[in-house]
Amino acid sequence: MLRLWRATINTRNGLAFAIRSEQAVREELFALALSVPLAWLVGTTVMRCVELVAAVAFVLVVELLNTAIEKLADRLTMDRDPKIGQVKDMGSAAVGVALLMAGAFWLFALAERIGAI
């Protein structure tokens with residue numbers, strides 16, 4: 001039980017730090033909060049609503065991992081290192097792919113809602 005409590009505190013601390021230090025995290029949290037009511041308008045089933053919110057939550061998860069990679073890379077060196085730049089670019093690409101996936105889920109759900117598919 002103590003381990004679970006400590007993990008919860010670490011989670012809260014990590015999320016609080018990310019919110020304070022990263023604009024992208026704040027924007028994605030806003031998108032997540034917005035996705036909950038919108039999913040009920042767009043989704044045709046309860047499962048579709050859950051999928052839509054989960055797709056936005058997945059973007060936040062990837063952004064948090066990308067932020068962790070960037071913070072760690074900056075801690076290693078602030079000098080311009082092409083290899084570290086490539087690592088940061090891959091993290092950014094992961095966020096981009098997650099955003100494309102979430103966008104595709106939402107477009108599919110909208111098409112389903114209006115009867116296009």
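Biologist: Which residues does Arg48 touch, leaving aside those up to four places away in sequence?
Modeller: In this predicted model, Arg48 touches Gly43, Phe108, Ala109 and Glu112, once residues up to four places away in sequence are not counted.

Biologist: And where is Arg48 found, and is it buried or exposed?
Modeller: Arg48 is found in helix α3, which takes in residues 46-76, and because its relative accessible area is 18%, under the 20% limit, Arg48 is buried.

Biologist: Which other residues of α3 are buried?
Modeller: Besides Arg48, the buried residues of α3 are Cys49, Leu52, Ala55, Val56, Val59, Leu60, Val62, Glu63, Asn66, Thr67 and Ala73.

Biologist: OK, what covers them?
Modeller: The cover over the buried residues of α3 includes α2, residues 23-42, and α4, residues 82-114.

Biologist: Switching to the helix itself, what span should α3 have?
Modeller: With 31 residues at 1.5 Å a residue, α3 should span 45 Å, and its end C-alpha atoms are 45 Å apart, so the two values agree.

Biologist: Back to α2 and α4, how do their axes cross?
Modeller: The axes of α2 and α4 come within 12 Å and cross at roughly 20 degrees; that angle is under 35 degrees, and therefore the two helices count as roughly parallel to each other. The crossing in which α2 passes α4 is left-handed.

Biologist: Which residues make that contact?
Modeller: From α2 the contact is made by Glu28, Ser35, Leu38, Ala39, Leu41 and Val42, and from α4 by Val95, Trp106, Ala109, Leu110 and Arg113.

Biologist: How many of those are nonpolar, polar or charged?
Modeller: The residues of the contact of α2 with α4 divide into eight nonpolar, one polar and two charged.

Terms used: Residues numbered from 1 in each chain as written. Predicted model: local features only at pLDDT ≥ 70, side-chain atom pairs only at ≥ 80, totals over all residues. Heavy atoms only, no water. Helix = DSSP H or I, 4+ residues; strand = E, 2+ residues; numbered from the N terminus. Buried < 20%, exposed > 50% of the residue type's maximum accessible area, 1.4 Å probe, protein only. Contact = heavy atoms within 4.5 Å. Expected span 1.5 Å × (residues − 1). Axes fitted to C-alpha atoms, helices over the stretch in contact; angles between N-to-C directions. Parallel < 35°, antiparallel > 145°, perpendicular 65-115°, else oblique. Left-handed = near helix turned anticlockwise from the far one by under 90°. Nonpolar A, V, L, I, M, F, W, Y, C, P; charged D, E, K, R; others polar.
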